[in-house]
Amino acid sequence: MTAQPATGHCLCGAIRFEVAAEPLSTNFCHCESCRRHSGGVAAPFATFRKDAVRWAGAERASYRSSPPVVRSFCDRCGSPLAYEHDGSADEIDLYLGAFDDPARFPVAKHVHYGERV
């Protein structure tokens, strides 16, 4: 458990979140879908148990980008917030850039590295 909960929000602040746990993992994802959703050459994530994340403010919008994947974002400002996979239904990947202090969760690995730019 972290000493203080980690907090974050979308660009406009309409959606906020708080996480009261250490991440299960941290990674840069290089897959084409994550690149397109984030607009970057790799998407940095921290993975948490869903029950450790508390959401506040507006509801997240979502898009099922492939049969097992749902990506959520703010429908006001467009900020990507999370990635969820049906195969890991109790986990959620939060974009590191949405955290107030993203450096708190150093990235430990690269996934889908074969698809890197």
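Here "partly exposed" means a relative accessible area between the buried limit of under 20% and the exposed limit of over 50%. All the views below come from a predicted model.

**View 1. An open sheet is built from seven strands.** Follow the strands in the order β6-β7-β8-β9-β4-β3-β10, and you will find that their pairing is mixed. β6 (61-66) and β10 (109-111) each have a single partner strand, so one side of each lacks a neighbour in the sheet. From one strand to the next, the twist averages 30°.

**View 2. β6 meets strand β7 (residues 69-73) in the antiparallel sense.** Five bridges hold the pairing in this close-up. Look for R64, which stands opposite V70 in β7.

**View 3. R36 and E32 form a salt bridge.** Their closest N and O atoms are 2.9 Å apart. The two residues are four apart in helix α1 (residues 32-38), which means about one helical turn separates them. R36 is exposed, at 66% relative accessible area, while E32 is partly exposed at 39%.

View 4. R49 counts as partly exposed, with 38% relative accessibility. Its salt bridge to D90 has closest N and O atoms 2.7 Å apart, and this pair links distant parts of the chain: R49 lies in strand β4 (residues 43-49) and D90 in the loop between β8 (80-85) and β9 (91-95), 41 residues apart. D90 is partly exposed at 37%. For the salt bridge between R49 and D51, the closest N and O atoms are 3.7 Å apart, and D51 is exposed at 64%.

Methods. Residues numbered from 1 in each chain as written. Predicted model: local features only at pLDDT ≥ 70, side-chain atom pairs only at ≥ 80, totals over all residues. Heavy atoms only, no water. Pairing = 2+ DSSP bridges. Axes fitted to C-alpha atoms, helices over the stretch in contact; angles between N-to-C directions. Salt bridge = Lys/Arg side-chain N within 4 Å of Asp/Glu carboxyl O. Buried < 20%, exposed > 50% of the residue type's maximum accessible area, 1.4 Å probe, protein only.
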